[in-house]
Amino acid sequence: MAYKSRDLSVIAYANGFTLWHYTTTDAAASVDTAGYFNEAADMLRVGDMILANTDTDGTLSSGILHVSSNTGTVVDVDDLPAIGSADTD
């Protein structure tokens, strides 16, 4: 699949930092690949964070992506560390 601009939204903005939310049916391994967010290069800044819900039509994975680089055309985010742990009860 691919990045969809309608699924990226601002949660908060302050002091040059933006906290985003992104939801997608794409797997985390796709979303945290360099270039996935290239279409948003004009909005995402190094240091921004994205709360991400991935694989929403399968085994949901949620985590925080950190924008680690943006050349103006190529955006890279750090790998998605999962939030939470298995629910055993």
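Predicted model: local features only at pLDDT ≥ 70, side-chain atom pairs only at ≥ 80, totals over all residues.
Me: Why give both a distance and an angle?
Reply: Because a pair of aromatic rings is described by the distance of the centres and the angle of the planes.

Me: Where in the chain are Tyr 3 and Phe 37?
Reply: Tyr 3 is in the segment before β1 (8-14). Phe 37 is in the loop between α1 (28-31) and β3 (49-54). The two are 34 residues apart, so this pair links distant parts of the chain.

Me: Is Tyr 3 buried or exposed? And Phe 37, buried or exposed?
Reply: Tyr 3 is buried, at 7% relative accessible area. Phe 37 is buried too, at 1%.

Me: What about Tyr 22 and Tyr 36?
Reply: They form an edge-to-face pair. It has 6.0 Å between centres and 75 degrees between planes. Tyr 22 lies in strand β2 and Tyr 36 in the loop between α1 and β3, so the pair ties together parts 14 residues apart in sequence. Both residues are buried.

Me: Which residues make up the cluster?
Reply: Tyr 3, Tyr 22, Tyr 36 and Phe 37, linked by ring pairs.

Me: New topic. How do β1 and β2 pair?
Reply: In the antiparallel sense, over 6 bridges. Ala 12 has Leu 19 in β2 as its bridge partner.

Me: What is in the turn?
Reply: The hairpin has 2 residues between its strands. Asn 15 is in the turn, with a positive phi of about 50 degrees.

How values were computed: Residues numbered from 1 in each chain as written. Heavy atoms only, no water. Helix = DSSP H or I, 4+ residues; strand = E, 2+ residues; numbered from the N terminus. Buried < 20%, exposed > 50% of the residue type's maximum accessible area, 1.4 Å probe, protein only. Phe/Tyr/Trp six-rings, centres within 6.5 Å; stacked < 30°, edge-to-face > 60°. Pairing = 2+ DSSP bridges.
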